Amino acid sequence: MTTIIYLAIVLGIMVLVHELGHFLAAKWCGVRVETFSIGFGRRLIGFRRGDTDYRLSLLPFGGYVKMAGDNPGEEPSGDPGEFNAHPRWQRVIIALAGPVANFILAFAIMTFVFHFHNEVDEYISGPARVNYVVKGSPADAAGLRSGDTIVHFDNAENPDWEGVLRRAALNMNQTVAMSYLHDGQRVNTRFNVNVGKTTEFNAEAMQSLGMVPTMQDAPIGVNEVDGGTPAQRAGLQPGDKILAIDGLQLRSVPALLAYLSDQAGKTSTLQVLRDGKTLTTNVTPEIGDIGNGIKKYRLGFRPAQMPLRISQLPWGEAVVQSVQENWKDSTMIVEVLKRMFTHQVSVKSLSGPIGIGQQIGAAARDSVWTVFRLMAMISINLGIFNLLPIPILDGGMILMLIVESVIRRDLNQQLKERVYQVAFVCLLLFAAMVIFNDISKLGWFAKLKP
């Protein structure tokens, strides 16, 4: 229920801001707005003020601004308040205003976040140092070893871990150029971003690559020990720090879990720091649930919080950082779209309302600040998507207006109507495909597959 509420709020804000952009631009240009609707379909509630019916409609995933005379196939009546009665440059401004409003919203959200509470895992923005390499993984095949630092990945030079993850997400199941430093020597090789059948680059896909980041320099801290577990039988206590396992200095729970999986349940030797003294104990891991129904070898303790970097920038610096972050996200989205057309990225990686709801739910379980960051990303996505040169979308309208400006006459109204009808059907099919992608990623659906 919390996820549904968050989803309704987030999508509601996205749609409201987008349509408000069109609405304000139309009013500024003197176009008469007949309907301002959040949602599609039957009108549920609303009110009328002036010429405009402000309404909330039955289907909540979207919205629209209905302007006088903005009907494909309808001949102009000569009414100066109609959309088509205005100069083309004004109509382009009205079409652009919706996506621009989404970009402004993303900018405002990230400025707010950077000023009040920007929280990220410390290791994400640091050097891409590898803590552990899973046996038989793509990282192992590329020659990576514990302690190596990735200095080139795909087309990114000296990337941080965020950069590596972004480039890996763009190159799923493809081979990219990679360089890393091993004992001070640069090694140039190729890396196969083999994530199997998955169409979404998530934590599980990252683990399948086999390179576990160095998430902290300090040992793993023990916050709580679960009863009846290998950790309790080995004598671990809250406040302990795990210095090494079988002589390996693993600095995160993901690295520890990966090592235990490679050892397939063998007994290991732990070096533990307690009250300034180093202790040695043996532990035999057991298979258990590590979360989300995933079962792996585990010890049974709850770790201390990983180091977080929390910054509160002055407004000026927050604005600059917001511009940089949104530009980075925008270029990433554009590159994903390009790679879809060249079949380098699968369309199955797209998310619809269900997928977005899952992301929002996960963000909500983290913190409200994570929700804000996700809102900014969704807003940029919505703005860029609507700028695609597809009829019905804002970008399609802008393209038609540019064509009409070049040929210096309006396109045939019947032709426009047919184009919009075909585009509408294609958009519905596209929406159905994206929703099916979302459903096919759900756990219960996967169990139904042969």
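**View 1. Isoleucine 150 and its contacts in the predicted model.** Isoleucine 150 touches Ala128, Val130, Leu144, Pro159, Trp161, Val164, Met178, Ser179, Tyr180 and Met211, leaving out residues up to four places away in sequence. Contact here means heavy atoms within 4.5 Å. This is a predicted model, in which local features need pLDDT of at least 70 and side-chain atom pairs count only at pLDDT 80 or more, while totals for chains, interfaces and linings use all residues. Residues are numbered from 1 along each chain as its sequence is written, and side-chain values use heavy atoms, with hydrogens and water left out.

**View 2. The largest nonpolar core.** This core has 26 residues. Which of them touch the most other members? They are Leu144, Ile150, Phe153, Trp161, Phe191, Leu209 and Met211. Several elements each supply at least two residues of this core: strand S4 (128–133), strand S5 (149–153), helix H4 (161–170), strand S7 (175–182) and helix H5 (203–209). A nonpolar core is a set of buried Ala, Val, Leu, Ile, Met, Phe, Trp, Tyr and Cys residues joined through side-chain atoms within 4.5 Å. Buried means under 20% relative accessible area, exposed over 50%, and partly exposed in between (1.4 Å probe, protein chains only). Helices (H or I, at least four residues) and strands (E, at least two) are DSSP runs, numbered from the N terminus.

**View 3. Helix H12.** H12 covers residues 413–440, 28 residues in total. From its first C-alpha to its last, H12 reaches 40 Å. That is close to the 40 Å expected at 1.5 Å a residue; the expected span is 1.5 Å times one less than the number of residues. Which residues of H12 are buried? They are Gln413, Lys416, Tyr420, Ala423, Val434, Asn437, Asp438 and Ser440. At the start of H12, a side-chain oxygen of asparagine 412 comes to within 2.8 Å of the backbone nitrogen of glutamine 414.

**View 4. Helix H7 and the residue after it.** H7 spans residues 253–263. Its buried residues are Ala255, Leu256, Leu257, Ala258, Tyr259, Leu260 and Gln263. Alanine 264 follows H7. The phi of alanine 264 is positive, near 55 degrees.

**View 5. Lysine 66 and glutamate 34.** These two residues form a salt bridge, with their closest N and O atoms 3.1 Å apart. A salt bridge is a side-chain nitrogen of Lys or Arg within 4 Å of a carboxyl oxygen of Asp or Glu. The pair links distant parts of the chain, 32 residues apart. Lysine 66 sits in strand S2 (residues 52–67), and glutamate 34 in strand S1 (residues 33–49). Lysine 66 is partly exposed, at 21% relative accessibility. Glutamate 34 is partly exposed too, at 28%. The structure holds 25 salt bridges.

**View 6. Arginine 302 and glutamate 224.** Here the closest N and O atoms of the salt bridge are 4.0 Å apart. The pair links distant parts of the chain, 78 residues apart. Arginine 302 lies in strand S16 (residues 301–303), and glutamate 224 in strand S10 (residues 220–225). Arginine 302 is partly exposed, at 45% relative accessibility. Glutamate 224 is partly exposed, at 42%.

**View 7. Lysine 328 and glutamate 325.** Both residues lie in helix H8 (residues 315–341). They are 3 residues apart, about one turn of the helix. An α-helix has 3.6 residues a turn, so residues three or four places apart point the same way. Lysine 328 and glutamate 325 form a salt bridge, and their closest N and O atoms are 3.7 Å apart. Glutamate 325 is buried, at 8%. Salt bridges that share partners join Glu162, Arg166, Glu325, Lys328, Asp329 and Arg373 into one network.

**View 8. Proline 238 in its loop.** Proline 238 lies in the loop between helix H6 (230–233) and strand S11 (241–245). Proline 238 is exposed, with a relative accessible area of 57%. Leaving aside neighbours within four places in sequence, proline 238 is in contact with Val222, Asn223, Glu224 and Val225. Aspartate 154 is 84 residues away along the chain, and the C-alpha atoms of proline 238 and aspartate 154 are separated by 42 Å.

Notes
Polar contact = N/O pair within 3.5 Å; in protein donor to acceptor, adjacent residues only side chain to side chain.
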